[in-house]
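I opened my notebook to record what I looked up in this model.

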Amino acid sequence: MKVQDENKLYDDINITPMLDLAYVLLVIFIIMTTASVQGIKVNLPKASASPSLAKPSTKAITIDENGQIYLDTYPVSMEELESRLRQIKASTPSFPVVIKGDTKVQYGKVAEVLELLGRLDITQLGLVTQRLVK
């Protein structure tokens, strides 16, 4: 067995802690990229930053560029949307709703959905937009 001199300098670097950190960061990035929000893909209009209403109980109404309406990810007509929202409101009187409308959709379609929410007395409402790029 060789005894090392106390005054001798080490000429190698221990990279094990750096590799541990790299692996932890890699796992974090993988988890974060796979945890994105699922749903129907639409082109959102741009607006300023606003607080997020994303909660598990939040219902998303999406209007794609063809005018098709989706409740969460299921296609519905206006009558089906009204009946489903009435059922949800009966079980949960106060639930938030977000509306995601494609930039190419007619404004009247979004106005119809807003009018329906007003008739059902749903007051926790948000419009989803993209952040402004400066």
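**Two loops.** I found Asp-121 in the loop between α3 and β6 (125-127). Helices here are DSSP runs of H or I with at least four residues, strands are runs of E with at least two, and both are numbered from the N terminus. Phi of Asp-121 is near 60°, a positive value in a residue other than glycine. I then looked up Asp-72, which sits in the loop between β3 (69-71) and β4 (74-76). Asp-72 is not a glycine either, yet its phi is positive, about 60°. I noted a relative accessible area of 26% for Asp-72, so it is partly exposed. Buried means under 20%, exposed means over 50%, and partly exposed lies in between (1.4 Å probe, protein chains only).

**Source of the model.** I noted that this is a predicted model, where local features need pLDDT of at least 70 and side-chain atom pairs count only at pLDDT 80 or more, while totals for chains, interfaces and linings use all residues. Residues are numbered from 1 along each chain as its sequence is written, and side-chain values use heavy atoms, with hydrogens and water left out.

**Whole chain.** I listed three helices and seven strands in the protein chain. From the N terminus on, their order is α-β-β-β-β-α-β-α-β-β. Of the 134 residues, 25% count as buried.

**Two helices.** Which numbers describe a helix pair? Two packed helices are described by the angle between their axes and the distance between the axes. I looked up α2 (residues 78-91) and α3 (residues 107-119): their axes come within 11 Å and cross at roughly 30°. Axes are lines fitted to C-alpha atoms, for helices over the stretch in contact, and angles run from 0 to 180 degrees between N-to-C directions. Therefore α2 and α3 are roughly parallel to each other (under 35 degrees; over 145 is roughly antiparallel, 65 to 115 roughly perpendicular, the rest oblique). On the α2 side, Met-78, Leu-81, Glu-82 and Leu-85 make the contact; on the α3 side, Glu-112, Val-113, Leu-116, Leu-117 and Arg-119 do. Contact means heavy atoms within 4.5 Å.

**A glycine in a strand.** I placed Gly-101 in strand β5 (residues 97-101). Is Gly-101 buried or exposed? Gly-101 is buried, with a relative accessible area of 13%. Leaving out residues up to four places away in sequence, Gly-101 touches Asn-43, Leu-44, Pro-45 and Ile-63. I also checked Val-42: Gly-101 and Val-42 are 59 residues apart in sequence and 7.3 Å apart in space, C-alpha to C-alpha.
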